[in-house]
Every structure is written in C-alpha cells, then in structure tokens.
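Hi,

Here is the structure I promised to pass on.

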Amino acid sequence: MDIARTLELCERTWDESIVPTLEQYIGIPNQSPAFDAEWSAHGFMDQAVALVAGWMQAQEVRGLKLEVVRLPGRTPVILAEVPGDGDDTVLLYGHVDKQPPMEGWLEGLGPWTPVRRGTRLYGRGSADDGYAAFAATTALRALGAQKIPHARCVVLIEACEESGSPDLPAYIEHLAARIGTPSLVVCLDSGCGDYERLWMTTSLRGLLTGTLQVGVLNEGVHSGDASGIVPSSFRVLRHVLGRLEDDATGNVLPKGLHVEVPEERLRQAGETARVLGEAVHAKYPWLGKTRPVSTDGRELLLNRTWRPQLEITGVGGLPPLGNAGNVLRPRTAVKVSLRLPPTARADASLALVKALFEADPPHGAEVTFTGEQAAAGWNAPPTEAWLTESVRRASLDAYGQEPCAMGEGGTIPFMAMLGEKFPRAQFLITGVLGPGSNAHGPNEFLEVAYAKRLTAAVARVLADHHARP
C-alpha cells in the first residue's frame, strides 16, 4: 500500500463528499426508537437511511451491491456486499440512529444544526456514529484505487443501536447466508483515548436499564398535615437505592454484580493510564471544584470499564421547581442505568437488581422495578499476531504514533452477539469518541482530522487481513 496515496484519497473524499453529506445527516432528527416511538410515521429514519445508502451506492467501489433491508415492524438495515479475493469475509459495522437532543448546547450549536469549527463538526450523530458507513466505504474505495486485494467485505449499518439493538438479532438470522462467517469484525462505534494514535477497544460494558418507582398514596396531600405520618416516597426511594450503591463512594454493593478482572486487562489499564496521564479525567467539563472519585488513573479506568456503576438518568413524579407546592407527593420514580462488567450475565444481573429493590419495602410502600434493557457486555478474544502487528503499522502509517488499547465504558450489544455467534473471529473495535466529543450529551462533535486518518488505518488493516499467513 502506498500510504501517502491512501491518506490523500481519504482526505479528499472527506473534504469534498463526506463532510457535506454528514452535514445533511446531522440535520435529520432520526432519534432511535427508544426515544421516538413514532419513528416510522415521522419518516426521519427512512430519510437518514436513504441519504447514507445513496452516498455509499454512488462511490466507486468495485462490485459493491447495496440493499436497504426491511423486516415488518422493524427498523431498516443497510447491507452492502463487496466481492473480494478468496472466500474469506470481513464484517464492518456501524449505525445511523441517534440519541435524543439533550439540553445545554453552546450558543450557535444545536443537535440538528451542523456547525464546522476548525477540524470539528458539531451535531448529534456526527461521531456516534453517522460517520461509520462513510469511513468503511471509503476504506474499501482506497484499496480498490490501488488494486490491493482484500477479503469479501460486508458492511452492515443498523438503525436501532441506541435502543439496545432489539431488531438486530432478527436481521442477523434473516441475512445469515449473505453475511457468512467473518474472520474479522471491524466496528467503528467506539472511542479513543486521545486524537494522536489508533485505539483498539478490548472490552465493552453491559447495560441494565429500568424504572424504579415508589408509591405511598393514591394522590398528593398537604405536607403539613401528612409529613411524619405518611412516609416520603423520596426517602423510601433513597433507602432502596442505597441497597445497590454506597452513596459515599459510588461503589456498587452486591458482589453478584462484580467479576474478576483478567490480568491482561489490568495491565492494559495501567499502560493506558501511563499514556494518558491526567487526560483520563481532565477531558470532562468539571464544575467548580468538583474532582474525580480517585486520583489514581488506573483505578479510574478500571471503574469505567470493568466495574459496575450506577447513574440515574431521569426522574418522574417531581414537579418543576416553579410548581413545587407544599405537597407530600404520592410517588417518585427514577430511570436506573447500571453499567455492568464486560463478562457479567445481563439477565442474571437484572433478576438480582429487581429482587434487591422490591424485597421487604420500608413501611410496606409499593416498590416496583420494571426492567427495560439488559444488554450483555463483551471481552475481546486473544489478539492474533497478525492483527497486533497490523494495528501497529496502521497507527504508525496514519498517525506516526504507536497504537494503544483500552476497555470502553459504553455498550454495543451487537459485539456480544457477534462474539457468541463467531467465536473464532478477530475484532477491531475502534472509533472517534475521544476527549470532549460528548456523545449522547450536548455539543457532540466529530474530530474530522482524526476520522480521516482512521479511515486510512482501516484500509491498512483490511489489506493486512487478506495478506496474513
């Protein structure tokens, strides 16, 4: 491979074609079905899929055959097949659905308003991960431009990843014969510790979500009349949450939600902490004198990747401050988001949490936990020598720096699915979600300069995969 030619093609394609199309994509409010129950009627998902599929189809990729596949009642998927040399297969994965808009965007920015500032492209879905289909297609185009052989490649782009990929198993079964048995999976929906090198994701956490509700009355009553007699639903809720989390440290208490961290992952966390230094925690938009839960970078990385962590992502039953009268409210509900260790069983964890919350409710209050998602995590299989060397070469070619590996705190349900279905496959899980990119939050951005080089790095790995012993 002439890496200079590859980088030039990627640079030119991003500037002339990908960025303008991504700007159109950002302008489409195609929220994932979990956040837009009427997604089909609204038609935004179809718009986004048509835009991305149309761009892919228009590229000069030898032999590319593309179809938008639709199963009844499910979000669509884009399936593109590119013939290769030999009978081996590579599966490249991404998604087009988006998280909801969120509040807090800086002046001049917005979720559905594409804005270029320097090398950054702001807007919802730019980095998570609307860019993936464009990068995968361009990597294949770069190989074709130099007549570099590669395996048969299948590009699969789904439209419900942000909802936990509930439609994907049906498509994997429906398309099994066309997907085949990949020996390499490339996923472009992950993160990077900095924008200086190629990052390889070695694990992903699982995710358990649900609604915890505490009810004490059929209707609200005067707090002056009832407090001290009727238990506060908020206090009961705090007590029940305390069974799960130590509110002084943030540690998740039940031993059944923890796993033993593999020695290799402990070593990688230490190495990554050494490379990143204070950037492990400095990348977050801290308020005032708030500080991280530890000063040990290795421990912070292990917290983020291999230990269960609780967050409350929504609240019900609480009026806005301006409408908060002196009322003892009848009920309080919260949305629970519990990240699980990569190797923890999601279904068993859900049963454990439900029993923990609902057992022996204080004062006989009505406590219910309704689970909504239980997605398994993923731990990479041992990396074969050819992929280790290929990632090293790709990082040096594209960035001039040695690569680095780390676990990610997010969840990609499809990876667990594929790991179980194709246990002998190798995985290159990578992405552009680096410092400040803020996927799922306000001011999400894509670092375009990094994405250009990542595209070239993927092309290198695809070439090395075909040339491996």
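Before the rest, some housekeeping. This is a predicted model, where local features need pLDDT of at least 70 and side-chain atom pairs count only at pLDDT 80 or more, while totals for chains, interfaces and linings use all residues. Residues are numbered from 1 along each chain as its sequence is written, and side-chain values use heavy atoms, with hydrogens and water left out. Helices (H or I, at least four residues) and strands (E, at least two) are DSSP runs, numbered from the N terminus.

Salt bridges

Arg-393 forms a salt bridge with Asp-464, with 3.2 Å between the closest N and O atoms (the term means a side-chain nitrogen of Lys or Arg within 4 Å of a carboxyl oxygen of Asp or Glu). This pair links distant parts of the chain, as Arg-393 sits in helix α13 (residues 385-399) and Asp-464 in helix α15, 71 residues apart. Asp-464 is buried, at 11% relative accessibility.

A search of the whole structure turns up 25 salt bridges. One of them joins Asp-88 to Arg-468, with the closest N and O atoms 2.7 Å apart. Asp-88 is in the loop between β2 (77-82) and β3 (89-95) and Arg-468 in the segment after α15 (448-467), so this pair ties together parts that are 380 residues apart in sequence. Asp-88 counts as buried at 19%, and Arg-468 is partly exposed at 25%.

Arg-274 and Glu-271 also meet in a salt bridge, 2.6 Å from N to O. They are three residues apart in helix α9 (residues 263-276), which puts about one helical turn between them. Here Arg-274 is exposed, at 59% relative accessibility, and Glu-271 is partly exposed, at 34%. There is a network too: salt bridges link Glu-67, Glu-81, Arg-152 and Arg-178.

Sheets

An open sheet of three strands runs in the order β15-β8-β16, with mixed pairing (two strands pair if DSSP finds at least two bridges between them). β15 (378-379) and β16 (404-408) are at the edges with a single partner strand each, so one side of each has no neighbour in the sheet. Helix α9 packs on this sheet and touches β8, β15 and β16, its direction making about 110° with that of β16 (contact means heavy atoms within 4.5 Å; axes are lines fitted to C-alpha atoms, for helices over the stretch in contact, and angles run from 0 to 180 degrees between N-to-C directions). Strand β8 (residues 199-204) runs parallel to β16, joined by four bridges, and Trp-199 has Cys-404 in β16 as its bridge partner.

Strand β9 (residues 206-215) is mostly covered, with eight of its ten residues buried. Ten bridges join β9 to β13 (residues 331-340) in antiparallel fashion, and Gly-210 is partnered there with Val-336. β9 also pairs with β14 (residues 366-375), again antiparallel, over nine bridges; Leu-212 stands opposite Phe-369 in β14.

Helices

Helix α3 (residues 44-58) and helix α4 (residues 126-145) pack at about 10°, with their axes 10 Å apart. That makes α3 roughly parallel to α4 (angles under 35 degrees count as roughly parallel). Val-52, Trp-55 and Met-56 of α3 meet Ala-133, Phe-134, Thr-137 and Thr-138 of α4.

Helix α11 (residues 297-306) is mostly covered, seven of its ten residues being buried. Among them are Leu-300, Leu-301, Leu-302 and Trp-306. The buried residues of α11 pack against β8, α9, α10 (279-282), β11 (309-316), β15 and β16.

One last residue

Glu-158 belongs to strand β6 (residues 152-158) and is buried, with a relative accessible area of 1%. Beyond its neighbours within four places in sequence, Glu-158 has contacts that include Pro-76, Tyr-93, His-95, Asp-97 and Leu-168.

Best wishes

Key. Buried < 20%, exposed > 50% of the residue type's maximum accessible area, 1.4 Å probe, protein only. Parallel < 35°, antiparallel > 145°, perpendicular 65-115°, else oblique.
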